Amino acid sequence: MNKLKKDYGHLCMLLGLAGFTIWYLNDAIRVAFTTPNLLLILPVSLAVLLLCIAELVISAYRGKLFEAVEDEPVKDILPIILLFAVYVLTLPWLGFDLGTILFVAIFLRMKNERNWFWVLGYSIGFGIAIALFFALMLPYPMPMTFLPID
């Protein structure tokens, strides 16, 4: 009988994410306890912490918190890491909007999504939405290719 060892990676990931979020929120509050500074940080931090708690409770309830899982081989992960590196390095030339659309489309194809309508629709929709979100939320201009945002 093959008995799998308990995997604490899921719990460590949740605790690490929650810990980093608390540290970042604490640092943001310590630096400037003002509404403009905390306008985005506080709600997102609370949402991340609530999601961490929800995932912890749901995983514990289902008995999957310490369930051993098979890791993806490095040969399957390395191309995704390289794609992300290329994405980040080409953002100044491609622009955040076009770069994000291309990154998401290529990523979906690398993960074997075959429906071109889904690949194009999701990557264009997500790319434009996230580019608009960051362009409107950040106080400095972002390089864009086709979205006319100042």
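F126 is partly exposed, with a relative accessible area of 36%; partly exposed is the range between buried (under 20%) and exposed (over 50%), found with a 1.4 Å probe on protein chains only. Helices here are DSSP runs of H or I with at least four residues, and strands are runs of E with at least two, numbered from the N terminus.

Before going further, please keep in mind that this is a predicted model, where local features need pLDDT of at least 70, side-chain atom pairs count only at pLDDT 80 or more, and totals for chains, interfaces and linings use all residues. Residues are numbered from 1 along each chain as its sequence is written, and side-chain values use heavy atoms, leaving out hydrogens and water.

The structure holds eleven aromatic pairs. Rings of Phe, Tyr and Trp (its six-membered ring) pair if their centres lie within 6.5 Å; planes under 30 degrees apart are stacked, over 60 edge-to-face, and the rest tilted. Here are two of the pairs:

| Pair | Centre to centre | Angle between planes | Type |
|---|---|---|---|
| F84 and F103 | 5.9 Å | 70° | edge-to-face |
| Y122 and F126 | 5.9 Å | 10° | stacked |

What does the pair of F84 and F103 tie together? F84 belongs to helix α3 (residues 74-94) and F103 to helix α4 (residues 96-110), so the pair joins parts 19 residues apart in sequence. F84 is partly exposed at 44% relative accessibility, whereas F103 is buried at 17%. Ring pairs also link F84, Y87, F103 and F107 into a cluster.

G99 is buried, with a relative accessible area of 4%. Leaving aside neighbours within four places in sequence, G99 is in contact (heavy atoms within 4.5 Å) with Y87, L91 and L94. The C-alpha atoms of G99 and T145 are 8.7 Å apart, although these residues are 46 apart in sequence.

How confident is the predictor? On the pLDDT scale, which gives confidence in each residue from 0 to 100, the protein chain has a mean of 86, and 92% of its residues reach 70 or more. Among the elements of the chain, α4 has the highest mean pLDDT (95) and helix α2 (residues 35-62) the lowest (87).

Conventions:
pLDDT = per-residue confidence, 0-100.
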